[in-house]
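Please read the following with the model open beside the text.

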Amino acid sequence: MIDDLYSTRILTLAANMPHAGRLTLPHGTGEQVAKLCGSKAIVDVKIDGNSRIADFAQEVKACALGQAAAALVGEVAIGATLAEVREARDDMLAMLKYGGDGPEGRFEGLRAMKQVADYPARHASTMVVLEALVKAHEEAMETWLDSCVLGRPTADAIPGEDPIEPERTRRVGQA
């Protein structure tokens, strides 16, 4: 059965991870560690004016299953919305723990990890990249909201967005 888990497809995916590395001045960074095995993913994202991922990089130290999942995510992350990323994470978890069908749409390729469902000790390592991606995208959205709503431009403004002029931003306690 272990041969089914570490199939040629899984091993090939693990060996060819797209967008490996880190971004310079990301809008958001997420990190996730699987406590049971120590698998770790750090994901950096930049988002565009439509809150979609415009750039993506990942640093993944995980078993072949975690790396294969990261490869599948890396192929399709650019262009994803936060709602799509959250849905993919939730669908992936449902597939692994409760027999769900798995992610649909842009993240449908993650269904290739369905056989991991039979190995609960491997669930966390398979999920690290999606969890880190959700955190990175959420942080990017918070950064964007801070820069727009509070008039605090970030070090690397979000593409397609004009910084708010400080004199036009009302501060708390001011008329």
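Contact here means heavy atoms within 4.5 Å, and helices (H or I, at least four residues) and strands (E, at least two) are DSSP runs numbered from the N terminus. This is a predicted model, in which local features need pLDDT of at least 70 and side-chain atom pairs count only at pLDDT 80 or more, while totals for chains, interfaces and linings use all residues. Residues are numbered from 1 along each chain as its sequence is written, and side-chain values use heavy atoms, with hydrogens and water left out.

In the helix pair, Arg9, Ile10, Leu11, Leu13 and Ala14 of α2 meet Ala64, Leu65, Gln67, Ala68, Ala71, Leu72 and Glu75 of α3. By class, this contact of α2 with α3 has 9 nonpolar, 1 polar and 2 charged residues (Ala, Val, Leu, Ile, Met, Phe, Trp, Tyr, Cys and Pro count as nonpolar, Asp, Glu, Lys and Arg as charged, and the others, Gly among them, as polar). Helix α2 spans residues 8-15 and helix α3 residues 64-76, and the two pack at an angle of about 70° with their axes 7 Å apart; axes are lines fitted to C-alpha atoms, for helices over the stretch in contact, and angles run from 0 to 180 degrees between N-to-C directions. The helices α2 and α3 are therefore roughly perpendicular to each other, a term that covers angles of 65 to 115 degrees.

Turning to the sheet, 3 strands form an open, antiparallel arrangement in the order β1-β2-β3, where two strands pair if DSSP finds at least two bridges between them. The edge strands, each pairing on one side only, are β1 (28-33) and β3 (53-61). Strand β2 (residues 40-47) is joined to β3 by 8 bridges, and Lys46 has Asp55 in β3 as its bridge partner.

How values were computed: Angles under 35 degrees count as roughly parallel, over 145 as roughly antiparallel, 65 to 115 as roughly perpendicular and the rest as oblique.
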